[in-house]
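Here are my notes on the model you sent over. Have it open while you read, and follow the numbered points one by one.

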Amino acid sequence: MAPQLLLLGLLINFLIFTDAEPVGICYGRLGDNLPSEQEVVDLYQSNDITRMRLYDPNPDTLQTLQGTNIELLLDVPNSDLQSLTDPSAARTWVENNIQNYPDVNFRYIAVGNEVDPNNDNRQYVDIVLPAMQNVHQAIVDAGLADQIKVSTATYTGLLSNSYPPSAGEFHDNVKRFIGPIINFLRQNNLPMLANIYPYFACRDNPDVSLPYSLFTSGPLVNDNGLVYSNLFDAMLDAHYAAQTRLGGGDLKIVVSESGWPSYGHRVATPENAATYYQNLIEHVKEDNGTPARPENSIETYLFAMFNENLKEGDESERHFGLFFPDQGSKYELSF
């Protein structure tokens, strides 16, 4: 091969590789047997994991992240939303949890997680947007708006319909809640965050096949000429379709959680979890987008770094970890 062609090939490979989104991992801390903050950050770095979602502004974790290459998606817990409807409290929150850590590479702030007028978080519906607006303004006033994007983390439970993907639509009462949020995000060039879980769809719906959920089926769903071979893409495009119906068709979605547990249900096995995580990693790194959005890279955060033995809910909720508390890898994944 001529030297010029070889160099061109290497350059193309480099551009393809660097265009792909690195995969992040959610760091949940609801466990009494987890490694120290320094050990966790070291584990991220030793496995080349360069993005983290952290569900509360834990000072020890933020301090440990300073000076690292890890980009952070930081949550405002739902329990803190009410206080941030006060603009001065939002400024103080940003000062205490963002500006006090100048060497942390903040990427997103998720103001609330899975708030929904139809679930147990319904009491927060009216305060998510004011809290988002105040935190965003505090970020702007601090001169950090080019670096840090403010949003909220939604989920598929907000949809009344998700099949076929092009028919994706929010529940009627959700539209009144999410519509103004979509408008705010569009006006300020901010992304939407969405937790996407094929596992729960497969667990709860006998018509959803396991291979389709695990990325191991062939083409299975034809939606007006768009062919889907995995449920993850179908669910994500259903979210895009629902947003489009409310004027948010150009709003980017970041997948703020996706995972598969290794225990607690018939389909929650270590083999299925390993298959899901590895195939999801490979899928988003291919950088081919979804059938409806082939031009969009899929920024994705895997859930979660460790099993969390203090989490409430079904048994499976405590078995989403990618690593054991002794920091050994559960699945030997390549990030």
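1. Ground rules. This is a predicted model, in which local features need pLDDT of at least 70 and side-chain atom pairs count only at pLDDT 80 or more, while totals for chains, interfaces and linings use all residues. Residues are numbered from 1 along each chain as its sequence is written, and side-chain values use heavy atoms, with hydrogens and water left out.

2. Strands S2 and S3. Helices (H or I, at least four residues) and strands (E, at least two) are DSSP runs, numbered from the N terminus. Strand S2 covers residues 51-54 and runs parallel to S3, with four bridges joining them; two strands pair if DSSP finds at least two bridges between them. Together with H3, these strands make a right-handed β-α-β unit. Right-handed here means that, with the strands pointing away from the viewer, the path from the first strand over the helix to the second runs clockwise.

3. Strand S3 is well wrapped. Six of the six residues of S3 are buried, so the rest of the structure largely encloses this strand. Buried is under 20% relative accessible area, exposed is over 50%, and partly exposed is in between (1.4 Å probe, protein chains only). Glu71, Leu73 and Asp75 are buried on one side of S3, and Leu72, Leu74 and Val76 on the other.

4. On to S4. Six bridges join S3 to S4, and the two run parallel. Val76 stands opposite Val111 in S4. S3, H4 and S4 make another right-handed β-α-β unit.

5. The buried side of H4. Helix H4 (residues 87-99) has Ala90, Trp93, Val94, Asn97 and Ile98 as its buried residues. They sit on the same side of H4 because they cover an arc of only 100° around the axis, the arc being that of the directions from the helix axis to the C-beta atoms.

6. Strand S1. Gly24 and Cys26 point one way from S1, Ile25 and Tyr27 point the other way, and all are buried. S1 pairs with S2 in the parallel sense over three bridges, and Cys26 stands opposite Arg53 in S2. S1 also runs parallel to S12, joined by two bridges, with Gly24 opposite Tyr301. S1, H2 and S2 make a right-handed β-α-β unit too.

7. The core. The largest nonpolar core has 105 residues, and Ile109, Phe232 and Tyr277 have the most contacts inside it. Helix H9 (residues 231-244) gives the most to this core, with eight residues. A nonpolar core is a set of buried Ala, Val, Leu, Ile, Met, Phe, Trp, Tyr and Cys residues joined through side-chain atoms within 4.5 Å. Leaving out residues up to four places away in sequence, the contacts of Tyr277 include Trp260, Phe303, Phe320 and Tyr331; contact means heavy atoms within 4.5 Å.

8. Salt bridges. The structure holds 15 of them, each a side-chain nitrogen of Lys or Arg within 4 Å of a carboxyl oxygen of Asp or Glu. Arg29 pairs with Asp56, the closest N and O atoms being 2.9 Å apart. This pair links distant parts of the chain, 27 residues apart: Arg29 is in the loop between strand S1 (24-27) and helix H2 (37-46), and Asp56 is in the loop between S2 and H3. Arg29 is partly exposed at 28% relative accessibility, and Asp56 is partly exposed at 24%. Lys175 and Glu169 also meet in a salt bridge (2.6 Å, N to O).

9. Where is Glu299, buried or partly exposed? Glu299 is buried, with a relative accessible area of 0%, whereas its salt-bridge partner Lys252 is partly exposed at 30%. The closest N and O atoms of this pair are 3.4 Å apart. Arg51, Glu71, Arg107, Lys252 and Glu299 are linked in a network of salt bridges.
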